[in-house]
Amino acid sequence: MIILGVDIGGSGIKGALVDTETGKLVTERIRIVTPKPATPEAVAATLKELVSKFDYSGPIGCGFPATVHHGVAYTAANIDSSWINTPIEKLFTSTLNRPCFVLNDADAAGIAEMRVGAGVGNNGVVMMITIGTGLGSAIFVNGKLFPNTELGHLILNDNIAEHYCSDSARQNQDLGWGKWGKRFNKYLLRLKFLFNPDLFILGGGASKNFEKFQEKINVETPVVTAKTLNEAGIIGAAMYAEQMIEHNS
Ligand code: BGC
């Protein structure tokens with residue numbers, strides 16, 4: 001199926017038409033700057049603008065940086081607090097006048113990696129960690145998603161993990177890759193201790209620089225980077241919409 005996948009982030013809202021079989025983008029990726037403040041109304045209006053740039057009238061899959069439980073956003077760590085308790089699926093569906101399926105952004109990225117990326121064929125426990133403004137997590141057991149895990153919010157060194165070792169922490173605290181890599185390694189060691197995954201897949205901005213911090217990583221679990229790179233969130237959101245359409249029909 002060809003479905004419009006959208007990835008809503010703190011700095012940009014990105015979308016492209018995706019072939020959900022192959023996981024390839026079939027149009028160029030379009031990005032619009034996230035409005036400030038990123039209130040539900042402002043983001044919905046920007047989403048509408050983004051969607052209007054595509055010659056497409058079908059359903060939409062959308063990744064969002066919060067817990068999204070049965071279509072409602074329940075957290076707002078790196079977005080406007082007015083999102084908490086917002087019925088996001090209803091809001092987007094009515095704004096865009098078509099079915100809109102919304103899930104957590106890291107869960108979306110994980111779905112893409114399990115279907116067409118580094119997690120293909122892995123039947124154990126796979127943990128995807130997205131390293132960006134926040135730290136996102138997605139856990140798969142035998143290929144099946146355990147949704148809405150918020151492992152970027154574990155406490156590490158008396159700090160919320162994403163304040164300690166997200167990519168924005170690296171930038172804001174002016175950490176070199178080595179120093180940041182040591183911090184991120186501690187985070188992976190903690191996840192390994194708690195969950196014993198078979199594989200870690202790293203995505204998001206910092207994962208593109210894996211070679212700069214790889215030597216600091218000594219967790220026993222294999223660690224690889226996402227194959228769908230920057231596009232994971234968009235691809236996974238489109239795949240999720242397809243799953244929901246099939247599930248509802
Ligand atoms: C949010 C998660 C999100 C992650 C990555 C965290 O701050 O709590 O829901 O997946 O950032 O955007």
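Author: A disulfide is a pair of cysteine sulfur atoms within 2.5 Å. This is a predicted model, in which local features need pLDDT of at least 70 and side-chain atom pairs count only at pLDDT 80 or more, while totals for chains, interfaces and linings use all residues. Residues are numbered from 1 along each chain as its sequence is written, and side-chain values use heavy atoms, without hydrogens or water.

A search of the whole structure finds 0 disulfides. The cysteine sulfur closest to that of Cys-62 belongs to Cys-100, and because 5.4 Å separates the two sulfurs, they are too far apart for a bond. Cys-100 is likewise in no disulfide, its nearest cysteine sulfur being that of Cys-62.

A pocket is an open set of points on a 1 Å grid over the protein atoms alone, where a 1.4 Å probe fits, with protein on both sides within 12 Å along at least five of seven lines; lining residues have an atom within 4 Å of a point. Volume is the space filled by probe spheres on points joined across faces, edges and corners. Of the 46 residues lining the largest pocket, Lys-14, Asp-105, Gly-132, Thr-133 and Gly-204 are the closest to its centre. Its lining comprises 13 nonpolar, 23 polar and 10 charged residues, where Ala, Val, Leu, Ile, Met, Phe, Trp, Tyr, Cys and Pro are nonpolar, Asp, Glu, Lys and Arg charged, and the others, Gly among them, polar. The elements that each supply at least two residues to this lining include strand E2 (12-19), strand E9 (125-131) and helix H8 (232-248); helices (H or I, at least four residues) and strands (E, at least two) are DSSP runs numbered from the N terminus. The largest pocket lies between domain 1 (2-107 + 231-248) and domain 2 (118-226), because both contribute lining residues; the domain bounds come from an automatic or database assignment.

The second largest pocket has a volume of about 600 Å³. Leu-145, Pro-147, Tyr-240, Gln-243 and Met-244 are the closest to its centre among 21 lining residues. By class, the lining of the second largest pocket has 10 nonpolar, 7 polar and 4 charged residues. Helix H3 gives the largest share, 4 residues, and H8 is one of the other elements supplying at least two. Domain 1 and domain 2 each provide at least three residues to the lining of the second largest pocket.

Two of the strands that line the largest pocket, E2 and E9, also have pairing partners, pairing being at least two DSSP bridges between two strands. E9 pairs with strand E14 in the parallel sense over 5 bridges, and Ile-129 stands opposite Leu-202 in E14. On its other pairing, E14 joins strand E15 (residues 223-225) in the parallel sense over 3 bridges, with Leu-202 opposite Thr-225. In a regular strand the side chains alternate between the two faces of the sheet. Both faces of E14 are covered: Leu-199, Ile-201 and Gly-203 on one side and Phe-200 and Leu-202 on the other are buried.

E2, for its part, pairs with strand E4 in the antiparallel sense over 4 bridges, and Gly-12 stands opposite Val-33 in E4. E4 (residues 30-33) has Ile-30 and Ile-32 on a covered face and Arg-31 and Val-33 on an uncovered one.

Terms used: Buried means under 20% relative accessible area, exposed over 50%, partly exposed in between (1.4 Å probe, protein chains only).
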